[in-house]
Amino acid sequence: MQNKKKVKNAKSKSNSSKKNIGKKVAKVKKVKVDNRLLLETFFIDSLKDIYWAEKLLTKTLPKMAKAATTEELAEGFLSHAKETEEHVMRLEEIFKLLDKKAQAQKCDAMEGLKKEGEKILEETEKNTFTRDAALIIAAQKVEHYEIATYGSLVQLALTLGKRDVAYILNQTLQEEKDTDKKLTALAENHINEEALLESDLEEKENEKINKAS
Ligand code: FE
Ligand code: FE
């Protein structure tokens with residue numbers, strides 16, 4: 001008799017644990033669905049954010065080219081401005097592929113980086129290598145922000161199974177990386193060194209003025 005009771009209890013226990021497992025599975029599935037939705041929303045929001053940033057850069061890069069002292073740096077900014085226009089168009093293509101309206105969402109980070117660039121122009125003199133060295137720093141910060149954004153968006157697109165979108169984003173990512181390398185080369189090859197010589201020269205001139213007065 002007692003044995004029968006035990007068997008009955010064991011059966012009802014296993015039934016209730018089966019029910020619990022069922023509930024758990026349902027819960028996990030629901031979370032999975034919600035997470036996909038959340039990730040997709042985050043993905044679209046990030047696209048809107050970088051769309052705003054790229055549009056801003058199409059206007060900022062020509063201004064940086066005008067402000068640059070060396071022709072090489074000015075040309076670099078102008079050719080990247082053209083690429084940036086392409087970046088904007090690629091994002092519009094992506095919105096189309098995703099059946100979403102191309103919408104820009106203010107990117108606080110890029111606005112901050114732009115303000116930093118403007119401060120450089122206030123703090124450095126026109127036609128100096130020092131200005132170019134500082135402009136390169138500002139531009140590389142922008143490129144690194146873009147590299148971080150596009151790099152993570154490529155991965156997220158792959159996770160969400162959007163290979164066509166990942167492919168387009170990766171094209172832009174490579175161009176941002178190339179631009180960053182070109183800027184490093186310009187700084188390394190001569191601009192930073194020239195800026196250093198320039199500041200040494202300025203120091204000597206100041207010394208002369210101080211001695212004369
Ligand atoms: Fe870009
Ligand atoms: Fe860029």
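Residues are numbered from 1 along each chain as its sequence is written, while chains are lettered from A and ligands numbered from 1 in the order in which they are written. In this predicted model, local features need pLDDT of at least 70 and side-chain atom pairs count only at pLDDT 80 or more, whereas totals for chains, interfaces and linings use all residues; side-chain values use heavy atoms, with hydrogens and water left out.

The table lists the protein donors, meaning N, O and S atoms within 2.8 Å of the metal (3.2 Å for Na, K and Ca), and because water is not among the atoms, sites may look incomplete.

| Ion | Donors | Distance |
|---|---|---|
| iron ion (ligand 1) | Glu-54 (OE), Glu-54 (OE), His-87 (ND1), Glu-146 (OE), Glu-176 (OE) | 2.0 to 2.4 Å |
| iron ion (ligand 2) | His-80 (NE2), Glu-143 (OE), Glu-143 (OE), Glu-146 (OE), Glu-176 (OE) | 2.0 to 2.7 Å |

Glu-146 bridges the two iron ions, ligand 1 and ligand 2, which lie 3.3 Å apart. His-87 in helix α2 and Glu-176 in helix α5 (residues 163-212) link parts of the chain 89 residues apart, helices being DSSP runs of H or I with at least four residues, numbered from the N terminus. Glu-146 is buried at 0% relative accessibility, and His-80 is buried at 3%, where buried means under 20% relative accessible area, exposed over 50% and partly exposed in between (1.4 Å probe, protein chains only).

Asp-132, placed in helix α4 (residues 129-159), is buried yet has no salt bridge, and the nearest side chain of opposite charge, Arg-131, is 6.5 Å away. A salt bridge here requires a side-chain nitrogen of Lys or Arg within 4 Å of a carboxyl oxygen of Asp or Glu; Lys and Arg count as positive and Asp and Glu as negative, with His and the chain ends not counted.

Terms used. Helices (H or I, at least four residues) and strands (E, at least two) are DSSP runs, numbered from the N terminus.
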